[in-house]
Amino acid sequence: MTLLLWWAGASAQALQLRGTTSVFDVDSANELWRWLAPWSYDPPTALQPDGTSGAGAGGDTAVSGGTQYADLYRTAMQIRYVAVFVCFLAGALLLLRRIPPVQGRTPATLCALWAWGPVAGTLAVTVSAPWLIASRGRGSYRFLPQVAGVIASSGPVTVFAALLAAVATVLVARVTVKGADPLPRRSVPPGAARLAASVGTAVIAVSLVILSYVSVAAWIQTSFGFGGGLLSDPGDLLREWLLLGAWTGPASAPLGDWLLYRAADVLMLAVVWWALRLLPGLLTRTTVPAMAVGAVCATVLGLLVSQVLHMALDDTVSVWGPVYLFSKLGDGVPAALTFGIMAGVAALVALRLAGDRDSGKQEKVTSTV
């Protein structure tokens, strides 16, 4: 995934070539630039803190300052690429250990690894945000809103890169486990699994249904102002980490359209519930890290499914071009990480209270082939 993102970022400069508009329309080229720019290793053209080129009086000082800002930008991208490598690798190792691609688990492993990719991208841009903001020369101005903007910039490119990386990872894992003793799926009481899934889904619904309602979301974004300075406007940052969507009452839209958009939210919750219902049986051990990461992946999968449904409902392609069809992919991943962790822990607690006890011992099944 790291190599795919590096290749995508290296391709961003091609969008500024003279012949780009003969291949893409202007709106599509700008949208593609928005996707690829967060992963471009080349610093932006304007490196000065005031946007000047460094010419004229004091030019040597301005050039020196521009070089320092360019170095900060490269440092930010180095941190970003190392972070995405470490985060994806750590999550993939945990998922492959707890959901190995054997005994009918391969589709679940593939989906989980795919969902973990955008999470790794979000964590990477979050870790590198301070250096990237400092490279713009205005890190002390509304720092938290700038961090929120950086976190939201990982874009759809991480979704596509994660899909390819997940396929490659599962293929390699299938080869490495060939010949190993098959691992049976755990027998989880159906009632306990349904209860755990319902509790976890209720946690996700708090963000999707309650916090994402427009009036509540507006209160979250505007009620925590600390005045001016470095930590002004924390509401922008809270919005990224707490809201899985945005919706309002049917008065602002025709009832039919409103119901269609709410169907996407219902579909997301249904996907989350079904994934959490299957998760305890798919895991080799129901540990806290495994349930938390599994719930995060289930939430991201639900988000992707709902966003695909939104593609069919929105009429942006005829207006802005085909690239805009995928512009919303990957939105809401920070909130999916926040509430996915809480949902996984809550589901595990409900599972234990319902009587499911995971001793950690697996029965060995000898192959007769």
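## Basis

Residues are numbered from 1 along each chain as its sequence is written, and side-chain values use heavy atoms, with hydrogens and water left out. In this predicted model, local features need pLDDT of at least 70 and side-chain atom pairs count only at pLDDT 80 or more, while totals for chains, interfaces and linings use all residues.

## Ala 148

Ala 148 sits in helix H6, residues 143-151. Helices here are DSSP runs of H or I with at least four residues, numbered from the N terminus. Ala 148 is buried, at 1% relative accessibility. Buried means under 20% relative accessible area, with a 1.4 Å probe and protein chains only.

Beyond its neighbours within four places in sequence, Ala 148 contacts Asp 236, Leu 237 and Glu 240. Contact means heavy atoms within 4.5 Å. Ala 148 and Leu 237 lie 89 residues apart in sequence, yet their C-alphas are 4.8 Å apart.

## Cysteines

The disulfide count is zero. A disulfide is taken as a pair of cysteine sulfur atoms within 2.5 Å. For Cys 297, the closest cysteine sulfur is in Cys 111, 9.9 Å away, which is too far for a bond. Cys 297 is buried at 1% relative accessibility. Cys 87 is also buried, with a relative accessible area of 18%.

## Helix H14

Helix H14 runs over residues 333-353, 21 residues in total. From first C-alpha to last, H14 reaches 29 Å, close to the expected 30 Å. That expected span is 1.5 Å times one less than the number of residues. Just after H14, Gly 355 takes a positive phi of about 110°.

Conventions. Helix = DSSP H or I, 4+ residues; strand = E, 2+ residues; numbered from the N terminus. Buried < 20%, exposed > 50% of the residue type's maximum accessible area, 1.4 Å probe, protein only.
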